[in-house]
Amino acid sequence: MAEFEIRLDRMFAEPPTFEDAGTFAGQVQSKLNRNWTTRRLVIGALGGVGGLIGVGQIVSSGVMGHVKSLTATAPSIPSIDFSHWHGHLGAGLSPATSSAIWLGLAAIVIAVALAISRLIEDL
Amino acid sequence: MALKHTLPAMHDVELAALAAGGRRDAFGELVRRHGSAVRGLLLRMGAQPATADDLAQDAFLAAFEQITDFRGEGTFQAWVKRIAARLYVRHWRKAAHVDLLAETPEPDDAPRHDGEEGAAHRAALRIDLDEALKALAEPERLCVSLCYGGGLSHAEAAEALNAPLGTVKSHVKRGLDKLRRRLAPPGGDDGVERRVHG
């Protein structure tokens, strides 16, 4: 390589001084954080929606009825009498309200799962 | 978060590895270290200050997205500079007023003061690289900056610019000749007659 080209390489390698170098780094960092937060929120929201749809599908498929009939025909597991709990939860409530409660519980479980995953990630 | 206090003491490769694991503060340290170099390159390529800052930010954000591609084979700064250089080329091609494929006329760049006035004039022309680059035609400046500042080979520059390899080589050669004259040490060999090889 010609001597001049080596010199030119060296000159290009010397960065100019910017007085606002700290501000620039801060701007990049905040953009990075903003993108990261947006991505996390979108993923979380999509996960939540997916979870709710899944729970909705389970509820609408009549699985509760199956569980109820199973517990009724399984006296060998008296401690897990689901029908008993279901009966308590659903007592005095319309079927729609009961479904809403189950959906709410599912949403709480999803939220807790997301919080735990975030905690693990931060650690 | 005791690790945060040790970030400034870490090597670029270590910081990049942390950033690859999602540590944005580690990447922030890389930005602090190399931000000026990337901005400087973009300015030297011909970007306006605001555009240079925007593109430098985009380059770092892109680098964070692709951080797992950085394997420490070259320097981190060179790697980000290449990303920034390519971003600028894309930007330049969108807004270019100059057709790189066309042969540019030889600019009126020859020293006008020869003889006894020559040495004094060359002393007055003892300007830094940034000023010297401004004297080049736009394609020359871009090609020289891409190859010497951005670290791209002639072939890579040609590909990025979507221009024939011979055209890029020609722009680089002409640009180097002009820079050699502009950056010649005062009173010394100005190298006007020398030619670049390779």
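**Exercise 1. Describe the secondary structure of chain A.**

Solution. Chain A has five helices and zero strands, where helices (H or I, at least four residues) and strands (E, at least two) are DSSP runs numbered from the N terminus. Along the sequence, the pattern reads α-α-α-α-α. The model is predicted: local features need pLDDT of at least 70, side-chain atom pairs count only at pLDDT 80 or more, and totals for chains, interfaces and linings use all residues. Residues are numbered from 1 along each chain as its sequence is written, while chains are lettered from A and ligands numbered from 1 in the order in which they are written.

**Exercise 2. Determine which share of chain A is buried.**

Solution. A residue is buried if 20 or more other C-beta atoms lie within 10 Å of its own, exposed if 12 or fewer, and partly exposed in between, with C-beta atoms placed from the backbone. By this criterion, 5% of the 123 residues of chain A are buried.

**Exercise 3. Characterise the side of chain B that touches chain A.**

Solution. Two residues are in contact if their C-beta atoms, placed from the backbone, lie within 7 Å. The contact involves 22 residues from chain A and 24 residues from chain B. On the side of chain B, at least two residues each come from H3 (24-45), H4 (49-65), H7 (129-134), H8 (138-149) and H10 (165-182). H3(B) gives the most, namely ten residues. By type, this side of chain B holds ten nonpolar, eight polar and six charged residues; Ala, Val, Leu, Ile, Met, Phe, Trp, Tyr, Cys and Pro count as nonpolar, Asp, Glu, Lys and Arg as charged, and the others, Gly among them, as polar.

**Exercise 4. State how H2(A) and H3(B) are placed relative to each other.**

Solution. The axes of H2(A), residues 21-60, and H3(B) come within 9 Å and cross at roughly 135°. Axes are lines fitted to C-alpha atoms, for helices over the stretch in contact, and angles run from 0 to 180 degrees between N-to-C directions. Angles under 35 degrees count as roughly parallel, over 145 as roughly antiparallel, 65 to 115 as roughly perpendicular and the rest as oblique. H2(A) and H3(B) are therefore oblique to each other. Among the residues that meet are Phe24(A) and Trp36(A) in H2(A), and Phe27(B) and Arg39(B) in H3(B).

**Exercise 5. Explain why Ala26(B) counts as buried.**

Solution. Ala26(B) is found in helix H3 of chain B. Ala26(B) counts as buried because 21 C-beta neighbours lie inside 10 Å. Leaving aside residues up to four places away in sequence, Ala26(B) touches Leu7(B), Leu15(B), Leu18(B) and Ala19(B).
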